[in-house]
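Have the model open as you read.

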Amino acid sequence: MDFSLSPEERALRDSIVKFSRGVLNDHVAERDRQQEFPRELWRKCGEMGLPGLPVPPEYGGSGLDAVGCAVALEALGYGCTDGGLVFSLSAHLLACVVPLWKHGTEEQKRRYLPGLCDGTLVGAHAITEPGSGSDSFSMRTRAERVAGGWKLNGTKTFISNGPVADVAIVFAVTDADKGFHGGTTAFLVDTGTKGFSTSRKFEKLGLRTSPVGELVFEDMVVPDEAVLGKVGGGSVAFGSAMDWERALLVAGHVGTIERLLETSVAYARTRTQFGQQIGKFQSVSSKIADMKVSLEAGRALVHKAAWMLEHSRTASLDASIAKLFVSEVLLKSALDCIQIHGGYGFMVEYEVERTLRDAVGSTIYSGTSEMQRSIIGRWLGL
Ligand SMILES: Cc1cc2nc3c(=O)[nH]c(=O)nc-3n(C[C@H](O)[C@H](O)[C@H](O)COP(=O)(O)OP(=O)(O)OC[C@H]3O[C@@H](n4cnc5c(N)ncnc54)[C@H](O)[C@@H]3O)c2cc1C
């Protein structure tokens with residue numbers, strides 16, 4: 001077993017950290033205040049190949065394996081202080097680009113992937129509804145057969161990138177008698193389609209540069225070619241999107257934990273109280289030691305889950321373990337980082353509090369911590 005990065009992975013990490021620090025980190029506090037999605041920076045991320053990391057080059061992607069994607073996203077989460085941008089890119093990549101690449105027809109892939117990979121297009125993934133979140137299988141959005149296609153009616157909520165997306169994967173019930181497995185279908189929808197609208201953009205606690213909104217479908221007709229995978233195969237497309245998202249979205253969080261760790265160490269070494277560095281107080285250094293353990297354990301879990309994506313029939317258990325652990329230690333590390341900074345950590349200008357606000361959503365999106373524990377319990381036969 002080799003725990004070191006290959007020379008290529010090291011070079012990838014270094015180039016993304018350098019790009020993030022040099023290009024993505026200006027005026028983040030202001031963007032956060034204004035809740036502004038930086039479309040121009042999205043295009044620059046496209047030039048770096050970030051929105052299409054695992055997609056084969058023939059479709060415009062970077063052709064990385066899943067562990068390479070983990071290395072790249074960790075580097076982004078470490079180098080880029082705009083947590084909303086990192087989140088938007090990760091959601092686009094893992095919940096829209098990946099299922100399209102895995103389940104799309106040749107025509108769908110040729111049509112959408114190049115633009116989704118080069119930063120021209122923004123993608124979204126829409127399953128949550130006002131009445132169904134954790135219990136997403138009880139969705140009410142319906143697609144009924146019409147000549148040459150499907151007519152969709154319903155509302156999706158909390159959709160990342162929804163207000164700015166060009167293309168969205170939308171889940172709808174196509175056969176209520178069959179239930180989620182066999183009775184739901186994923187559709188690949190241009191957001192310019194007649195009957196598609198974004199009814200609202202939410203104001204949020206954190207990740208404020210990542211727009212989240214509500215999507216409404218009113219007699220929206222899409223052709224048969226819009227079906228992603230098979231009719232009735234929505235649960236398959238959803239399952240593979242969730243495996244990739246849960247395993248790799250938190251790779252960025254691992255990078256963020258490393259940044260919190262370094263920030264905390266630097267502050268604990270320079271801030272003095274009672275005539276000594278605060279890092280010499282055991283209750284301060286213990287928090288930092290816990291961050292280091294979180295970083296190492298989180299990285300190992302993410303790399304294993306990423307490896308499982310390509311070497312096992314299912315990565316679902318490992319993806320849930322990684323998602324649960326990393327999101328919870330991210331939240332704890334962000335809170336501890338503020339505590340170590342004392343009053344300065346609480347002030348916006350020190351740019352520590354934003355990481356905590358950004359971290360809170362991590363135990364909710366992509367399945368709450370409670371749901372991850374429930375999935376892990378099911379795998380254990382409970
Ligand atoms: C920042 C952000 C981005 C998001 N992006 C997207 C997106 O791009 N696409 C998308 O489709 N959705 C997205 N979501 C929605 C997200 O997936 C849901 O919010 C999440 O699944 C929880 O659903 P809910 O909010 O309806 O809460 P509920 O399901 O109503 O849960 C409320 C509480 O009850 C608990 N609970 C519910 N059921 C159980 C159970 N069986 N056992 C134990 N506890 C339970 C939950 O854990 C939670 O604590 C996003 C959410 C956020 C916050």
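Which domains does the shell around the ligand draw at least three residues from? Both domain 2 (124-234) and domain 3 (235-379) do this, with bounds taken from an automatic or database domain assignment.

Keep in mind that this is a predicted model, where local features need pLDDT of at least 70, side-chain atom pairs count only at pLDDT 80 or more, and totals for chains, interfaces and linings use all residues. Residues are numbered from 1 along each chain as its sequence is written, and side-chain values use heavy atoms, with hydrogens and water left out.

There are 16 residues around the ligand, and Thr128, Ser134, Phe158, Ser160 and Thr368 come nearest (a residue is near if one of its heavy atoms lies within 4 Å). By type, the shell holds 8 nonpolar, 7 polar and 1 charged; here Ala, Val, Leu, Ile, Met, Phe, Trp, Tyr, Cys and Pro are nonpolar, Asp, Glu, Lys and Arg charged, and the others, Gly among them, polar.

Now for the polar contacts (pairs of N or O atoms within 3.5 Å). A polar side-chain atom of Thr128 sits 2.7 Å from a ligand nitrogen, while a polar backbone atom of Phe158 is 2.9 Å from a nitrogen of the ligand. Ile127 has a backbone N or O atom 2.9 Å from a ligand oxygen.

Conventions:
Polar contact = N/O pair within 3.5 Å; in protein donor to acceptor, adjacent residues only side chain to side chain.
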